[in-house]
Amino acid sequence: MDTTRQVVILVGGRGTRLGNLTDENPKPLLPVGDRPFLSYLLDTIIRQGFDKIVLLAGYRSAQIADFVAAYDAHGADIRIVTETEPLGTGGALYNALDQLDQQFILMNGDTLFDINLNAFAAPQLAPALCRLALRTVDDTSRYGRVTLQHGHVNSMAEKGVAGEGLINGGIYLLDKAAIAGIGAGFCSLENEVFPELLAQGRLTGLEYSNFFLDIGIPVDYDLAQTAIPALADRPAAFLDRDGVINEDSNYAHRPDQIRWIPGAFEAVRLLNDSGYNVFVVTNQAGIARGMYDALAVNQLHDWMQQEFRRHGAHIDGFHFCPHHPEFDTACDCRKPEPGMLIAATAAMPSRLQGSFLIGDKDSDIQAANRFGIPGHSFQGDENLRDFVARIIEK
Ligand SMILES: [Mg+2]
């Protein structure tokens, strides 16, 4: 099965719990810090490589459309499906049936649950039809408690059960077959579809303790004003390519030439899970030498990204320098110059504090130092994940 590409977001609710705050705005567009909440949510989805987004709109949908028109989706396709009357979560989804991939992620548009979506979606669903991302909390009484047994959801209780436990985090991996039988009209996933799947043993769950905030609750909307901008302020991990994530095999530029360094996928996944933006910064003088072109490098990087995603990881940006001083005038991107690090953090703002680079040559380390961050020399004599784990433990 191909990697999951599609994320569907429920943005059509009225948001009654927030009182008059949502009189003029749909809840996902409420300001958090200096921009709408939905922009943070879309940023976290798109940076992980999901390039098909469907917004299930209803209440004040014209404002959702205006927002999407102005939003920089970095090439992702964002569609809006609007319900003409409130259909509930299941009804809104069924209303968009012809837009859905066979397997897709569904999430609430008022919650930021910062999980690794590639890892969540990586294994195939069958024979389950729905996988829930569950959040451990100190007290489940404000939510509904969920219990798991051997990875299968055992019960989904109503609100009011106190004490530590698991709650539904509002992110689901769904097979289209789970909703094909809903039919037109009002339907609640939580009250109608999930209990049925649970009874059939076709509802599974994964536990997480990652950042979780539901802005639909007034006290958490206040908290979001500082907590969500802080979450988006991530450090960067810059990785040299040849000699760090794949063996340096003399101007590799095709997938069949790539031999992965042991632990490469696991290392990037650890960085993803630990809250780093991960950038590949690579000198590709083979372009200046006429051995291959920039298109070949971009195609190779697209393939590498798919391989990372299949392994539950993602790269936030690939940056390469096509120059060589023998063939070009001096550039500011070829390492030891820091130009690629500057470009990467211009495209995706990252904080310097806690950022670092891993490279196998002196020029890598020099580029890091000129940028103002430490560089770590990797010589291939250790599993890359273990190497990364030691750096980020410090
Ligand atoms: Mg290298």
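User: Let's start with the open sheet of five strands: what order do the strands take, and is the pairing parallel or antiparallel?
Analyst: In this predicted model, the order across the open sheet is E16-E15-E14-E17-E18, and the pairing is parallel. Strands E16 and E18, the latter covering residues 375-377, stand at the edges with a single partner strand each, so one side of each has no neighbour in the sheet. On average, neighbouring strands are turned by 20° against each other when direction is ignored.

User: How many bridges join E14 to E15?
Analyst: Strand E14, residues 235-239, is joined to E15 by four bridges, and the two run parallel. Within that pairing Phe238 stands opposite Phe279, and the bridge partner of Ala237 is Val278.

User: Is E15 mostly covered or mostly open?
Analyst: Strand E15, residues 277-283, is mostly covered, with six of its seven residues buried. The chain reaches E15 from E14 by way of helix H7, residues 264-273, and this β-α-β crossover is right-handed.

User: OK, H7 then. Which of its residues are buried?
Analyst: The buried residues of H7 are Ala264, Phe265, Ala267, Val268, Leu270, Leu271 and Asn272. That makes seven of the 10 residues in the helix, so H7 is largely enclosed by the rest of the structure.

User: What do those buried residues pack against?
Analyst: The buried residues of H7 pack against the strands E14, E15 and E17 and against the helices H8 and H11.

User: How do the axes of H7 and H11 cross?
Analyst: The axes of H7 and helix H11, residues 384-393, come within 7 Å and cross at roughly 25°. The two helices are therefore roughly parallel to each other, since angles under 35 degrees count as roughly parallel. On the H7 side the contact is made by Ala264, Glu266, Ala267, Leu270 and Leu271, and on the H11 side by Leu384, Arg385, Val388, Ala389 and Ile392.

User: Switching topic: where is His311, and what does it touch?
Analyst: His311 lies in the loop between H8 and E16. Leaving aside residues up to four places away in sequence, His311 touches Phe265 and Arg269. His311 is partly exposed, with a relative accessible area of 33%.

User: How far apart are His311 and Val388?
Analyst: His311 and Val388 are 77 residues apart in sequence and 17 Å apart in space, taken from C-alpha to C-alpha.

User: Now the backbone: which peptide bond is cis?
Analyst: The peptide bond from Lys335 to Pro336 is cis, with omega near 20°. Pro336 sits in the loop between E16 and H9.

User: Which residues other than glycine have a positive phi?
Analyst: Examples include His74, with phi near 50°, and Tyr251, with phi near 60°. His74 is in the loop between helix H2 (61-70) and strand E5 (77-82), and His74 is exposed, with a relative accessible area of 57%. Tyr251 is in the loop between E14 and H7, and Tyr251 is partly exposed, with a relative accessible area of 28%.

User: And which glycine follows H7?
Analyst: Gly275 follows H7, and the phi of Gly275 is positive, near 90°.

Notes. Residues are numbered from 1 along each chain as its sequence is written. This is a predicted model: local features need pLDDT of at least 70, side-chain atom pairs count only at pLDDT 80 or more; totals for chains, interfaces and linings use all residues. Side-chain values use heavy atoms; hydrogens and water are left out. Buried means under 20% relative accessible area, exposed over 50%, partly exposed in between (1.4 Å probe, protein chains only). Two strands pair if DSSP finds at least two bridges between them. A crossover is right-handed if, with the strands pointing away from the viewer, the path from the first strand over the helix to the second runs clockwise. Axes are lines fitted to C-alpha atoms, for helices over the stretch in contact, and angles run from 0 to 180 degrees between N-to-C directions. Angles under 35 degrees count as roughly parallel, over 145 as roughly antiparallel, 65 to 115 as roughly perpendicular and the rest as oblique. Contact means heavy atoms within 4.5 Å.
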